[in-house]
Structures are given as C-alpha cells and as structure tokens.
Amino acid sequence: MIVALIDSGLGMLPTAARLRQARPELDLVLMMDPDNAPWGPKPDGWVVDRVVGTAQHAVELGAEVVVLPCNTASVTALSHVRAALGDTIPVVGTVPAIKPAAAVSDRIAIWATAATTASAYQGRLIEQFASHRTVTSVACHGLADSIDRGDEQKIGAAIAAAVAATPTDVESVVLGCTHYPLVLDDIVSQLPGGVTMFDSAEAVANQTVRRVDEVGSSGSGSGRVSVWLSGIEGELPTSAQRYAEGKLLFDGVRAEQH
C-alpha cells in the first residue's frame, strides 16, 4: 500500500510521522516542492495546477491514497484534486482544528500563515464553529519558511512575535499551519502556562488510516519512504533532521535506499 503526502515543504512531517507510527508497513511517498515554496502567496490557479499535477504524478508512482497535509493545498485545490483523480483514489485534506477548540474553549487564538489568516476559508470556519467564542487570528509571518530552513534563530523570533500578538488570557491555540507542530515545544515554552494546543495532524493521519483500510490493497507494503523534490526523486532536506518527526522518517528513507 502506497500513500502519497503532498506539501510545499516540511509541513507534511507531523502527519507522515503519525502514519509511520500507526502503520509502519505503509510505503510513504513524500512529495515536496522546495523550488516553489511557499505556496501560500501564489495565485490560486497556480496552486491548483501544481497540486493537481503533483497528485497525478503520485498516482503514476503507484499511490493508492493521496493526502494533502497542507492548509493552502487543501483550501485551494482539494476539490480539484478529487475531480482529477476520480472516485477510485481517496484524497484526504486538512482542516484547521477550530471546531474541537471551540467545543472546549471560550478564548481562542488561531496561528496560521498570513495567506490562511486572510482567507475567506478560515473566516467561514470561524463563523461556522466559533461564532460564539472570542477568536483572535494571528498571522505568523515567516514561521513556516524558517521551519523549512531549520533556522532556529528566526523560528524563535517568529514565535515570539506571534506570542506578542496573542492575548495573554487565551485558553487555546489552534495551529492552523501544518508546519507549526514541528516546533510545538518551542511554542508552548513561550506561551502562558495552561494553554491547550490543537493541531490537525493526528486527525488527518487517522482519516488516512481509515481510507487505507477502505481501499484494502492486497499489498501491505514494506515501510519504505521515498522523497520527491519539485518532481525529481531526491532525499529529505537536512533541515528535517532538526525535528523528531523528520528523524523518524529518515529511518524509512534509509530502508528505501538499502
């Protein structure tokens, strides 16, 4: 069973690592686009074409389930990918964890990229699930890019700026970019004590496992991990080794190479 994960950068790592832990036999294809990252500022039409083309390439490589562990890709291109791949290839998207946060918290901050923060999509989610709560949207400028580069100084500065923009009485923080869980400990260390964190990686991984079970492929896989960088087969960026999720996946890459 081959599962492909598509994101411009390292935002796929939290979901991929959870899949690795839950189903170590799955073959994972990690499809990143460092030549064009980040996708957030790109025109919608460009993102749709890029994500759909990458998904089609994934299927050509044998993917039986496609995952978009990226808010930009999901918001902009999910419906297009599903239309392009048809009913036989399940496509799993990502939704910021606003609904579960609003179920338990009165005061919520949503940390996301500038593009997602300004999107009508996030606004609709807030209106749908958290209109009865106090919600602060925080644009985390440069945080995802710094995570991709593994730049600890800029990661710390971006987190500090986001904390400064977050009300001190906040009860929950929704990590509305799939990159951010990679630096969860750094974020928690700068927030006031007792703040509950929400991200979507576990939910996306669980949904992926359900879709894998529904497909019921006759081949269980061998636990290999392959990496494609802007359409060319390659290796996980060295910056991924900064994160526990990346280190876990490096073992799979080494297994694939040997």
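A salt bridge here is a side-chain nitrogen of Lys or Arg within 4 Å of a carboxyl oxygen of Asp or Glu. I wrote that down before anything else, and also that I am working on a predicted model.

**Entry 1: the network**

I looked for charged residues that join up in a group. Arg107, Asp169 and Glu171 are linked in a network of salt bridges. Arginine 107 sits in strand S5 (residues 107–112), while glutamate 171 is in the loop between helix H8 (152–164) and strand S7 (172–175); the two are 64 residues apart, so I noted the pair as a link between distant parts of the chain. Are these two buried or partly exposed? Arginine 107 is partly exposed at 31% relative accessible area, and glutamate 171 is partly exposed too, at 26%.

**Entry 2: the other bridges**

How many salt bridges does the whole structure have? My search of it turned up eight. Side chains of opposite charge can pair when their charged atoms come close.

I picked out arginine 23 next. Its partner is aspartate 213, and the closest N and O atoms are 2.9 Å apart. Arginine 23 is in the loop between helix H1 (13–22) and strand S2 (27–32), and aspartate 213 is in helix H10 (residues 201–215), so this bridge ties together parts 190 residues apart in sequence. I have arginine 23 down as partly exposed at 23% relative accessibility, and aspartate 213 as partly exposed at 45%.

Then I checked arginine 50, which meets aspartate 33 in a salt bridge at 2.9 Å, N to O. Arginine 50 belongs to helix H2 (residues 44–60) and aspartate 33 to the loop between S2 and H2, so the pair ties together parts 17 residues apart in sequence. Arginine 50 is partly exposed, at 28%, whereas aspartate 33 is buried, at 2% relative accessibility.

**Entry 3: the cysteines**

I went looking for disulfides and counted zero. Cysteine 70 is in no disulfide, and the nearest cysteine sulfur, on cysteine 177, is 7.3 Å away. Cysteine 177 is likewise in no disulfide, its nearest cysteine sulfur being that of cysteine 70. Are the two cysteines buried or exposed? Cysteine 70 is buried, at 7% relative accessibility, and cysteine 177 is buried as well, with a relative accessible area of 8%.

Note on methods
Residues numbered from 1 in each chain as written. Predicted model: local features only at pLDDT ≥ 70, side-chain atom pairs only at ≥ 80, totals over all residues. Heavy atoms only, no water. Disulfide = S-S within 2.5 Å. Buried < 20%, exposed > 50% of the residue type's maximum accessible area, 1.4 Å probe, protein only. Helix = DSSP H or I, 4+ residues; strand = E, 2+ residues; numbered from the N terminus.
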